[in-house]
Amino acid sequence: AEGFNANVAAAKALNAFIVETPDHALAAADAADKARGEGALLPLSGVPIGMKDLFCTAGVQTTAASHMLEGFKPTYESTVSGKLWAAGAGMLGKLNLDQFAMGSSNETSYFGNVISPWKRGGGDNAALAPGGSSGGSASAISARLCPAATGTDTGGSIRQPAAFVGISGIKPTYGRCSRWGVVAFASSLDQAGPMARTIRDNAILLESMAGFDPKDSTSLDLPVPQWEAGLSSDLRGKKVGIPKEYRVDGMPAEIEALWEKGIALLKDAGAEVVEVSLPHTKYALPTYYIIAPAEASSNLARYDGVRYGLRDLPDGANLQDMYAATRAAGFGPEVKRRIMIGTYVLSAGFYDAYYTQAQKVRTLIARDFAKAFESCDLLLTPTAPSAAFALGEKQADPLAMYLNDVFTVPASLAGLPAMSVPGGLDAQGLPLGLQIIGKALDEQGVLNAGLAIE
Ligand code: GLN
């Protein structure tokens, strides 16, 4: 019992969960027992998963890790979580994240940072970031607190945390999973997806999460492929492109080595590897950090103290005072920074110089991918420019933090399916991830290349 208590304490210290919902998971387990007796097991019968606290869950607090939504209990269920429950899964709890999914380290959460269960070798005891924004999902899966979890990815929030803790996660094609009931960050980029230890688990979960939803106007009205049944690590006949612009200056030697290892594994699986060019890659990060804050500033206008969560109504305050007080108290510093940037780039006089320009460059980036896919089927890159960094290391420097997204944002801007798969350990024993990017709707190709690397 002592050992068990120590493990529970160690698990809680990771701070991966904001709310625990054991009854939800137990009810799914009971339903699974019954279904087994009746010979009517569902794809996820009884599987206890973690839910990123960005998905609205009926009657269960949904915060987006912000003080603004503390205590908010939605009266409705997000489409994606509803689909998972309909497939038999149960919820262990709501997982911590960067506030409103803005961040790459999980340090912007109002409920405290999440800690990675990994440590550097050689007695270095520094607490490491689990990545972000789906840091709670990553940490919980890596520490074996749950076998799988949901994530969302706007500019890398499934892939980068998966890479930091040595698990897999896939961001499907934009529109595959409904955004209905997912707290909005940047609507033209937000996509839900699974995170799990294996490619197969990701395929199984994604099949239950994806599908057309009339409640989301950007949802794709297409049948959901049988990705699990289609899994194969035989890549004969496939061409994998290596985008030369991803060889950024100052890339650590171990990231280069990881990439070479990935190339070798894909060749072993029968793929042909070719060099391709994505000439506008260097503009992806600035483009993303204009478009995402612009959309966020608009989406977050709804938190006004009237409709959701927090209300700060100082004595004698009028309506304007209430808006100001509520938003001042409710949003954390990174969220405020994004709202300020977004409001600026959308303001009269600057709109054309920043927002319109960014939209044009976004189109060029999407065209780069289309052109590259004329000569290959998939792309292979590192997921992040480094292994997990220490908590606090980049917190004071937003630009250093944003740079961590350099390899993940291009596929987000183009709406393409992309996943991170573990590629090995660095010299300090920390996991590194490889990213596979596919053509629109080719999640199968992405998963299969992941299987060849896994
Ligand atoms: N790290 C990126 C950002 O801070 C991506 C976040 C995400 O994908 N939700 O915007």
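This is a predicted model: local features need pLDDT of at least 70, side-chain atom pairs count only at pLDDT 80 or more; totals for chains, interfaces and linings use all residues.
Lys52 has its place in strand β2. With 30 C-beta neighbours inside 10 Å, where 20 or more are enough, Lys52 counts as buried. Leaving aside neighbours within four places in sequence, the contacts of Lys52 are Leu95, Leu97, Ser134, Gly136, Ser137, Ala149, Thr150, Gly151 and Thr152.

An unreviewed UniProt entry gives the feature "active site" at Lys52, Ser133 and Ser157. These residues span 106 residues in sequence, yet no two of their C-alpha atoms are more than 11.1 Å apart, so they gather at one spot. The unreviewed entry in UniProt also lists residues 9-447 as "domain: Amidase". In the model, this span is 35% helix and 14% strand, and its end C-alpha atoms lie 35 Å apart.

Ser157, another of the residues in the "active site" record, is found in the loop between β4 (148-153) and α5 (159-165). Is Ser157 buried or exposed? Ser157 counts as buried, because 37 C-beta neighbours lie inside 10 Å. Not counting residues up to four places away in sequence, Ser157 touches Ala101, Gly132, Ser133, Ser134, Gly151 and Thr152.

Next comes the ligand. Which of the 13 residues around the ligand come nearest? They are Ala101, Ser104, Thr154, Gly155 and Ser157. The shell around the ligand divides into 4 nonpolar, 7 polar and 2 charged residues.

At 1.5 Å a residue, the 16 residues of α2 (residues 22-37) should span 22 Å, and the end C-alpha atoms are 23 Å apart, which agrees. The buried residues of α2 are His24, Ala25 and Ala28. Because they cover an arc of only 95° around the axis, these residues are on the same side of α2. Among the elements that cover them are β2 (48-52) and β3 (90-95); β2 is the strand that holds Lys52. The other side of α2 has exposed residues, namely Pro22, Asp23, Asp30, Asp33, Lys34 and Gly37. Just after α2, Gly39 takes a positive phi of about 65°.

Terms used: Residues are numbered from 1 along each chain as its sequence is written. A residue is near a molecule or strand if its C-beta atom, placed from the backbone, lies within 6 Å of it. Ala, Val, Leu, Ile, Met, Phe, Trp, Tyr, Cys and Pro count as nonpolar, Asp, Glu, Lys and Arg as charged, and the others, Gly among them, as polar. Helices (H or I, at least four residues) and strands (E, at least two) are DSSP runs, numbered from the N terminus. The expected span of a helix is 1.5 Å times one less than its number of residues. A residue is buried if 20 or more other C-beta atoms lie within 10 Å of its own, exposed if 12 or fewer, and partly exposed in between; C-beta atoms are placed from the backbone. The arc is that of the directions from the helix axis to the C-beta atoms. Two residues are in contact if their C-beta atoms, placed from the backbone, lie within 7 Å. UniProt positions are given in the numbering used here, feature names are shortened, and annotations may be inferred rather than shown by experiment.
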